Number of protein chains: 2
Amino acid sequence: MNLTFRQLKVFEAVARHLNYTNAAKELHLSQPAVSMQVKQLEEQVSTPLIEKLGKKLYLTEVGLEIQDYACNTLQQLVDLEETIAQMKSMKRGHLKMAVASTANHFVIRLLASFAKVYPRISISLDVTNRSSLLELLEKNECDLVIMGSPPEGHNLQSAPFLENPLVVVSNPHHYLADKKHVSLQELEKEDFVVREQGSGTRSAAKRFFTEHNLKFKTKMNMSNNRAIKHAAEEGLGLAIVSVHTLEIELKAKTLKILNVEGFPIFRNWYVVQREGKRLSPIAKVFNEYILQESDNMMQNFDIPHF
Amino acid sequence: MNLTFRQLKVFEAVARHLNYTNAAKELHLSQPAVSMQVKQLEEQVSTPLIEKLGKKLYLTEVGLEIQDYACNTLQQLVDLEETIAQMKSMKRGHLKMAVASTANHFVIRLLASFAKVYPRISISLDVTNRSSLLELLEKNECDLVIMGSPPEGHNLQSAPFLENPLVVVSNPHHYLADKKHVSLQELEKEDFVVREQGSGTRSAAKRFFTEHNLKFKTKMNMSNNRAIKHAAEEGLGLAIVSVHTLEIELKAKTLKILNVEGFPIFRNWYVVQREGKRLSPIAKVFNEYILQESDNMMQNFDIPHF
DNA sequence: TGTTACCATAAGCTATAGCTTATGATATAT
DNA sequence: ATATATCATAAGCTATAGCTTATGGTAACA
């Protein structure tokens with residue numbers, strides 16, 4: 001059995017009018033064209049669908065069944081078109097983002113303001129560490145990723161879009177906290193609370209220490225920023241974190257930024273996508289949006305002086 | 001937008017395999033044939049549905065939407081085929097019958113035994129009088145009608161299939177009840193309880209009286225047979241009814257058949273359909289069934305002697 | 001680096017979908 | 001009986017759906 005949408009469309013019109021001529025007018029066709037479509041449909045199901053008694057037309061039982069089917073199917077087609085149109089015009093759709101833990105703070109802001117502009121868009125946001133992000137990209141399980149240091153050799157495309165100053169923080173009562181200037185030698189002696197393996201912040205810090213031939217005493221490692229900051233607040237060690245994560249703590253004065261030689265380390269945030277990936281319309285727009293909005297974001301962050 | 005079932009079918013296979021070559025094998029097509037169908041579908045919705053990242057294929061958002069749609073639509077098509085097949089093989093379907101009130105008794109029996117053979121067939125049975133039956137046929141609102149005397153000039157096709165003996169009945173204590181023989185002259189003096197205008201039984205009786213130049217004193221008329229018989233039982237008058245309606249009353253001896261000159265009037269039951277009407281498979285089978293079964297029915301009815 | 005697997009593209013062919021106009025058949029109305 | 005409305009059928013045309021084979025491009029992989 002090999003129906004066509006055309007057959008259904010024409011049959012539906014005939015079934016509704018119970019009159020070939022009028023159906024033909026509605027469809028802007030000649031009457032024989034309509035007769036032929038119906039006839040072909042009848043041949044497909046090899047059973048009559050319409051019978052003519054005297055002057056009037058009646059649907060047979062199978063005819064009624066097919067009328068019902070045709071109505072549904074055609075309606076679903078309309079719905080599909082509508083859905084696709086909405087997706088294309090970004091009235092609907094799904095945006096799959098993933099961000100490094102550290103970026104969480106400001107990305108959420110971006111998403112929130114973006115969501116206001118496109119209210120019917122659903123968004124999924126995966127907050128995880130660097131290596132998981134790469135995996136997500138690899139599996140094509142997200143549209144865009146926001147992360148630190150541009151990864152190479154993974155067929156990725158990345159664009160820097162926001163500065164990410166890493167600073168050293170401590171409990172305000174730490175003996176280094178009030179020093180005007182902290183040297184790297186002094187820093188080397190301290191214990192650090194750091195993120196787990198795979199974290200971008202961690203590897204950036206590590207790189208800094210190696211580049212300056214310093215020991216990097218990592219006393220504890222934990223898998224989220226809040227925990228690290230809490231540990232630093234409790235005096236368990238110093239921490240190296242992005243300024244972007246510090247808003248509350250600075251306001252509450254539970255942490256203090258140390259004025260260490262060579263800090264802040266200015267890294268960048270990158271918007272990363274898979275090379276060759278054709279972004280969905282909504283992802284494309286969001287991509288542009290964040291590049292543009294990042295400027296405004298910068299201004300709203302008070303990068304603290306020392 | 002002008003999708004085809006073919007496009008959906010092919011796309012569905014590709015979306016499932018995420019591999020053109022394998023989809024082509026499944027569909028017994030060349031690989032380019034599959035590529036082309038997908039490409040055409042993409043052109044129809046003017047948006048990409050599949051993207052190739054490295055070696056792997058992924059569905060875009062719209063692609064997922066269409067996959068979902070295709071699955072549903074194709075499944076519904078299968079369901080439709082199944083339904084039609086069942087209708088054709090009479091596993092399913094609907095039989096629309098209408099019968100004269102008087103025929104109700106034995107038609108119900110026929111339907112009951114028929115329904116056992118075709119359990120998933122639904123049946124509607126309209127029990128009404130002669131003129132309503134003709135109207136139902138006129139409007140093509142039923143498949144078959146069972147009624148008395150063949151109507152003419154209505155573009156109807158009818159086949160006689162069962163004898164319908166009309167007899168005169170009375171309360172057993174009626175003074176005519178015990179007479180060996182009742183003459184028409186004696187009958188003429190009696191009051192009759194009859195069916196309403198439009199009833200076949202009524203007009204048959206009326207015809208009998210006119211043909212024999214007799215007065216026909218119709219004391220009461222009522223619109224159903226049970227009421228008429230009840231009235232006769234109560235001694236309100238004689239009644240002329242089909243033997244087929246008398247089973248219980250004869251057994252209970254609440255009514256008695258009078259041995260009147262010229263009675264029983266042998267009319268026939270007819271199966272009637274609209275001329276040119278192509279019966280549904282199930283109606284066709286039922287039509288044959290009742291013609292065949294009517295013989296058995298005859299034997300089960302004791303036509304009483306006088 | 002060459003090989004392999006896989007998809008895209010091109011060229012070319014055939015069957016037929018799909019339409020039209022013209023005409024025939026039939027039931028109803030006048 | 002004649003006219004009218006309506007559907008069926010026929011003939012004929014065009015565009016193209018849909019397939020094939022051949023070939024080219026490109027990741028991944030050894």
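**Close-up views of the two-chain model**

**View 1. The interface of chain B with chain A.** Chain B and chain A bury about 3,600 Å² between them, and 59% of this area is on carbon and sulfur atoms. The model is predicted. The size of an interface is often given as the accessible area lost when the parts come together. On the chain B side, B:Phe5, B:Glu61 and B:Tyr69 lose the most area to chain A, together accounting for 17% of what that side buries. In residue terms, 39 residues of chain B are in contact with 39 residues of chain A. The count of salt bridges between chain B and chain A is zero.

**View 2. Helices α1 and α4 of chain A.** Two packed helices are described by the angle between their axes and the distance between the axes. In chain A, helix α1 (residues 5-17) packs against helix α4 (residues 61-88) at an angle of about 120 degrees, and their axes are 9 Å apart. Angles of 65 to 115 degrees count as roughly perpendicular; α1(A) and α4(A) are therefore oblique to each other. Their crossing is left-handed. From α1(A), the contact is made by A:Phe5, A:Leu8, A:Lys9, A:Phe11, A:Glu12, A:Ala15 and A:Arg16. The residues of α4(A) in this contact are A:Gly63, A:Ile66, A:Gln67, A:Tyr69, A:Ala70, A:Cys71, A:Thr73, A:Leu74 and A:Leu77. By class, the residues of the contact of α1(A) with α4(A) are ten nonpolar, three polar and three charged.

View 3. The axes of α1(A) and α2(A) come within 8 Å and cross at roughly 130 degrees. That angle makes α1(A) oblique to α2(A). The crossing of these two helices is right-handed. A:Val10, A:Ala13, A:Val14, A:Arg16 and A:His17 of α1(A) make the contact with A:Tyr20, A:Asn22, A:Ala23, A:Glu26 and A:Leu27 of α2(A). The contact of α1(A) with α2(A) involves six nonpolar, two polar and two charged residues. A:Leu18 lies in the loop between α1 and α2 (20-27) of chain A. The phi of A:Leu18 is near 50 degrees, a positive value in a residue other than glycine. Most residues other than glycine have a negative phi, and most peptide bonds are trans.

**View 4. Helices α1 and α3 of chain B.** Helix α1 (residues 5-17) and helix α3 (residues 31-45) of chain B pack with their axes 9 Å apart, at an angle of about 115 degrees. α1(B) and α3(B) are therefore roughly perpendicular to each other. The crossing of α1(B) and α3(B) is left-handed. On α1(B), B:Arg6, B:Gln7, B:Val10, B:Phe11 and B:Val14 take part, and they meet B:Val34, B:Gln37, B:Val38, B:Gln40, B:Leu41 and B:Gln44 in α3(B). Six nonpolar residues, four polar residues and one charged residue make up the contact of α1(B) with α3(B).

View 5. In chain A, the peptide bond from A:Phe263 to A:Pro264 is cis, with omega near 0 degrees. A:Pro264 is found in the loop between β10 (256-258) and β11 (265-274) of chain A. In chain B, the peptide bond from B:Phe263 to B:Pro264 is cis, with omega near -5 degrees. B:Pro264 sits in the loop between β10 (256-258) and β11 (265-274) of chain B.

Terms used
Residues are numbered from 1 along each chain as its sequence is written. Chains are lettered from A and ligands numbered from 1 in the order in which they are written. This is a predicted model: local features need pLDDT of at least 70, side-chain atom pairs count only at pLDDT 80 or more; totals for chains, interfaces and linings use all residues. Side-chain values use heavy atoms; hydrogens and water are left out. Axes are lines fitted to C-alpha atoms, for helices over the stretch in contact, and angles run from 0 to 180 degrees between N-to-C directions. Helices (H or I, at least four residues) and strands (E, at least two) are DSSP runs, numbered from the N terminus. Angles under 35 degrees count as roughly parallel, over 145 as roughly antiparallel, 65 to 115 as roughly perpendicular and the rest as oblique. A crossing is left-handed if the near helix is turned anticlockwise from the far one by less than a right angle, and right-handed if clockwise. Contact means heavy atoms within 4.5 Å. Ala, Val, Leu, Ile, Met, Phe, Trp, Tyr, Cys and Pro count as nonpolar, Asp, Glu, Lys and Arg as charged, and the others, Gly among them, as polar. Buried area is the accessible area (1.4 Å probe) that two parts lose on being put together, summed over both. A salt bridge is a side-chain nitrogen of Lys or Arg within 4 Å of a carboxyl oxygen of Asp or Glu.
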